[in-house]
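My notes follow in the order I took them.

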Amino acid sequence: MTQQQPQPAGTRPYNFSAGPAAMPEAVLQRAASEMLDWQGSGMSVMEMSHRGKEFGAICTQAEADIRTLLAVPEHFHILFMQGGGLGENAIVPMNLSRGTAADFVITGSWSIKSQKEAQRYCTANIAASNAGDHHTRLPDPSTWQLSKDASYVHLCTNETINGIEFQQLPDLAALGSDAPLVIDFSSHVASRSVDWRRVGLAFGGAQKNLGPAGLTLVIVRDDLLGHALEICPSAFNYKIVADNKSMYNTPPTWGIYMAGLTFQWLLQQTEGALTGVAAMEQRNIAKARLLYDFIDASSFYLNKIDPGCRSRMNVPFFLADESRNDAFLAGAREAGLLQLKGHKSVGGMRASIYNAMPLEGVRALVSYMREFERSHA
Ligand SMILES: *Cc1c(COP(=O)(O)O)cnc(C)c1O
């Protein structure tokens, strides 16, 4: 094997991938420095027993750090699982539905997938849908048709493909439902705070905002454990996973380690007096505003999402003249701006600006867009 020269720090291109997505450079550097020998153990993290004291320490720290970062109350369990977001689309109904009914609010591609998969395990009601608006605005909670007997209500709180995000969680009790709220927060976890009083279960794949693919974070309220269907695989039974502290079977050790490094990085971030997720939220608001304001001020580019529910993480946009798409993408690559092509179901462009994307990356994108417009308008 030939060896690649490491790139000097701070010179990597800006990567706008929707996922797997860019990670903080400091986290990658730290992992590289510990790759062959984790803290004098003589082992790479990938080579350690998941039951040994070294990995035990890594996992315990990661759990404590994400609990701190997201202010997760004591009566919620933090589970490190596998299977990804789509895995959870089956694992949630197997654990929570009791084979009865669940309500789904359809807001875009991911909630559509969740509802379809859940149908295999329970009656998956559609309580509301924004399909008529082409997923460009969120259905008003006052119009949701929540059913009396639902075992849970599912929302995707940030629709990664469509670029639409709930700016606050609904209060189901005020809407007349006593079902627990399940949120798929895969693509905005740790970008903003979570109001746990309104949540029963949250799940997310790690590969957008937490670390590499292969790890799934599940945060579940204590009273929701222990009701799994008979057919639920033991390794996906939340109670069994919780009772075994995510070590019922071999967990994704590398993913937990990398996410743990990301959690430490997040804890160190500050914006004025704010730290951690609160600091990230301020930074994410500033990044999103910069990009949306530029797009809105231009007639060369457009974003079709209702401004009240635009995603801070995933910004789909179109060139008014789509025949210039290839030139736009080629020029972007040359300018060190990677993976801006939109999802095939939506088309156009998409800039994913997760926690690891610094404000300077968004500034670089906006100045490229301004220059492209100037030279092509
Ligand atoms: C990326 C994503 C998923 C997909 O999860 P997999 O890990 O590919 O199974 C699910 N939900 C949302 C909101 C996502 O952004």
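This is a predicted model: local features need pLDDT of at least 70, side-chain atom pairs count only at pLDDT 80 or more; totals for chains, interfaces and linings use all residues.

**Entry 1: the largest cavity**

I found 13 residues around the largest cavity, and Ala 22, Pro 24, Asn 209, Leu 210 and Ala 356 lie nearest its centre. Its volume is about 80 Å³. Sorted by class, the lining has eight nonpolar, four polar and one charged residues.

**Entry 2: the second largest cavity**

How many cavities of 30 Å³ or more does the structure hold? I noted three. The second largest cavity has about 40 Å³ of space. I listed its lining as Asn 15, Ser 17, Ala 21, Ala 22, Ser 352, Ile 353, Tyr 354, Ala 356 and Met 357. Six of these residues are nonpolar, three are polar and none is charged. Ala 22 and Ala 356 are in this list, and both are also among the residues nearest the centre of the largest cavity.

**Entry 3: the largest pocket**

Next I looked up the largest pocket, with a volume of about 510 Å³. Two elements give two or more residues to its lining: strand E1 (14-15) and helix H1 (25-34). The largest share comes from H1, with three residues. In total, 21 residues line this pocket, and those nearest its centre are Arg 12, Met 23, Glu 25, Ala 356 and Pro 358. By class I wrote down 14 nonpolar, three polar and four charged residues.

In the loop between E1 and H1 I came to Pro 20. The peptide bond that joins Gly 19 and Pro 20 is cis, with omega about -15°. I noted the general rule beside this: most peptide bonds are trans.

**Entry 4: a sheet of three strands**

I then followed an open sheet with the strand order E13-E14-E16 and antiparallel pairing. Strand E13 (301-302) and strand E16 (349-352) are its edge strands, since each pairs on one side only.

E13 and E14 run antiparallel and are joined by two bridges. The partner of Tyr 301 in E14 is Leu 319. On the other pairing, E14 (residues 314-319) and E16 share four bridges, again antiparallel. Here Asn 314 stands opposite Ser 352, and Pro 316 stands opposite Arg 350.

Is E14 enclosed or open to the outside? Six of its six residues are buried, so E14 is largely enclosed by the rest of the structure. I checked the two faces separately. Asn 314, Pro 316 and Phe 318 are buried on one side, and Val 315, Phe 317 and Leu 319 are buried on the other.

**Entry 5: strand E10 and its partners**

Strand E10 (216-221) came next. Five of its six residues are buried, so E10 is also largely enclosed by the rest of the structure. Six bridges join E10 to E2, and the two run antiparallel.

**Entry 6: helix H2**

I compared the length of H2 (residues 53-69) with what its residue count predicts. At 1.5 Å a residue, its 17 residues should span 24 Å, and the end C-alpha atoms are 24 Å apart, which agrees.

Its buried residues are Glu 54, Phe 55, Ile 58, Cys 59, Ala 62, Asp 65, Ile 66, Arg 67 and Leu 69. What do they pack against? I found strand E2 (76-81), strand E10, helix H6 (253-268) and helix H7 (276-297). After H2 comes Ala 71, whose phi is positive, near 50°.

Ala 190 has a positive phi of about 70° and lies in the loop between strand E8 (181-184) and E9. At 1% relative accessibility, Ala 190 counts as buried. Gln 339 has a positive phi of about 60° and sits in the loop between strand E15 (337-338) and E16. Gln 339 is partly exposed, with a relative accessible area of 48%.

Terms used:
Residues are numbered from 1 along each chain as its sequence is written. Side-chain values use heavy atoms; hydrogens and water are left out. The expected span of a helix is 1.5 Å times one less than its number of residues. Buried means under 20% relative accessible area, exposed over 50%, partly exposed in between (1.4 Å probe, protein chains only). Contact means heavy atoms within 4.5 Å. On a 1 Å grid over the protein atoms alone, a cavity is a set of points where a 1.4 Å probe fits but cannot get out, and a pocket is an open set with protein on both sides within 12 Å along at least five of seven lines; lining residues have an atom within 4 Å of a point. Grid points are joined across faces, edges and corners, and a volume is the space filled by probe spheres set on the points. Ala, Val, Leu, Ile, Met, Phe, Trp, Tyr, Cys and Pro count as nonpolar, Asp, Glu, Lys and Arg as charged, and the others, Gly among them, as polar. Two strands pair if DSSP finds at least two bridges between them.
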